[in-house]
Amino acid sequence: MATFDRSDDLRGATFVGVDLTGARFRGSELSGVVMRGVEIGGADVDAPWLPHADFFRVNGVDVIPLVEAELDRRFPGRELRRAGDPEGLRAAWRALERTWEATTARAAALPPGAVDVSVDGEWSFAQTLRHLVMATDTWLRRAVLGVAQPYHPIGQTDHGYALDGNDPSVFSAVTPPYGEVLEVRAGRQAMVRELLATVTPEELAVERRNPWAPEHPETTLSCLHVILEEEWEHHRYAVRDLAVIEARG
């Protein structure tokens, strides 16, 4: 089975009569892809940045508003993630904490070891919580609070972290006990809660340094929006995979 990675440049390629049944695309750039007369039944597209695209048309219909409305319906509180004032942000975070509390309880009801099970090569539930620790460290501790070395060793990086020239040695190479993951995760949630308890409109407007792209300035508000986006997207992945694990019995 052929594998293409970031060293392969397929920009502008044309595929005619090609059978891509069962193909998987991970972390790939598909912006501007045009498909005509294709058989796409059973396709499963996951695009976390879809709301930021100009459009995503299926048979001439821009489906982005439809997808967003359905996700907001499925996950009450998600619609608050772009709140622009302190009270709205506090409400958004309360909704997220309630959601994660219920989801963590759902994971706890599974057989021992289930939180470390990977579904189709995706992160396990424990790894998802560890990544959210890293996300909070990046966008709150590093970007907003200016901590020079913001990362807890328990954090989970994504596949591109080292490839982009970052040093992964600050993170533990040993899988931590799940109880420790929950403890560190709760601490990071409390950090966000405490900042939101006192943040002012003026502080939300303060310019911050983008931790991944310094040439693109951020504000305290935009950094908090990133945290909220990360939380909701990874919650969506988590409940998707928990449902699979539950179905397996």
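This is a predicted model: local features need pLDDT of at least 70, side-chain atom pairs count only at pLDDT 80 or more; totals for chains, interfaces and linings use all residues.
Apart from neighbours within four places in sequence, the residues in contact with His234 are Trp100, Trp123, Thr128, His131 and Leu132.

Helix H6 (220-248) also takes part in covering the buried residues of helix H4, and the cover includes helix H2 (86-108) and helix H3 (125-142) as well. H4 itself runs over residues 178-198, 21 residues in total. From first C-alpha to last, H4 reaches 31 Å, close to the 30 Å expected at 1.5 Å a residue. Buried along H4 are Val181, Val184, Arg185, Arg188, Gln189, Ala190, Val192, Leu195 and Leu196.

We turn next to the packing of H3 with H4. Two packed helices are described by the angle between their axes and the distance between the axes. Here the axes of H3 and H4 come within 9 Å and cross at roughly 35°, and the crossing is left-handed. On the H3 side, the contact is made by Phe125, Ala126, Leu129, Arg130, Leu132, Val133, Thr136, Asp137, Leu140 and Arg141. H4 contributes Tyr178, Val181, Leu182, Val184, Arg185, Arg188, Met191, Val192 and Leu195. Sorted by class, this contact of H3 with H4 comprises 13 nonpolar, 1 polar and 5 charged residues.

Note on methods: Residues are numbered from 1 along each chain as its sequence is written. Side-chain values use heavy atoms; hydrogens and water are left out. Helices (H or I, at least four residues) and strands (E, at least two) are DSSP runs, numbered from the N terminus. The expected span of a helix is 1.5 Å times one less than its number of residues. Buried means under 20% relative accessible area, exposed over 50%, partly exposed in between (1.4 Å probe, protein chains only). Contact means heavy atoms within 4.5 Å. Axes are lines fitted to C-alpha atoms, for helices over the stretch in contact, and angles run from 0 to 180 degrees between N-to-C directions. A crossing is left-handed if the near helix is turned anticlockwise from the far one by less than a right angle, and right-handed if clockwise. Ala, Val, Leu, Ile, Met, Phe, Trp, Tyr, Cys and Pro count as nonpolar, Asp, Glu, Lys and Arg as charged, and the others, Gly among them, as polar.
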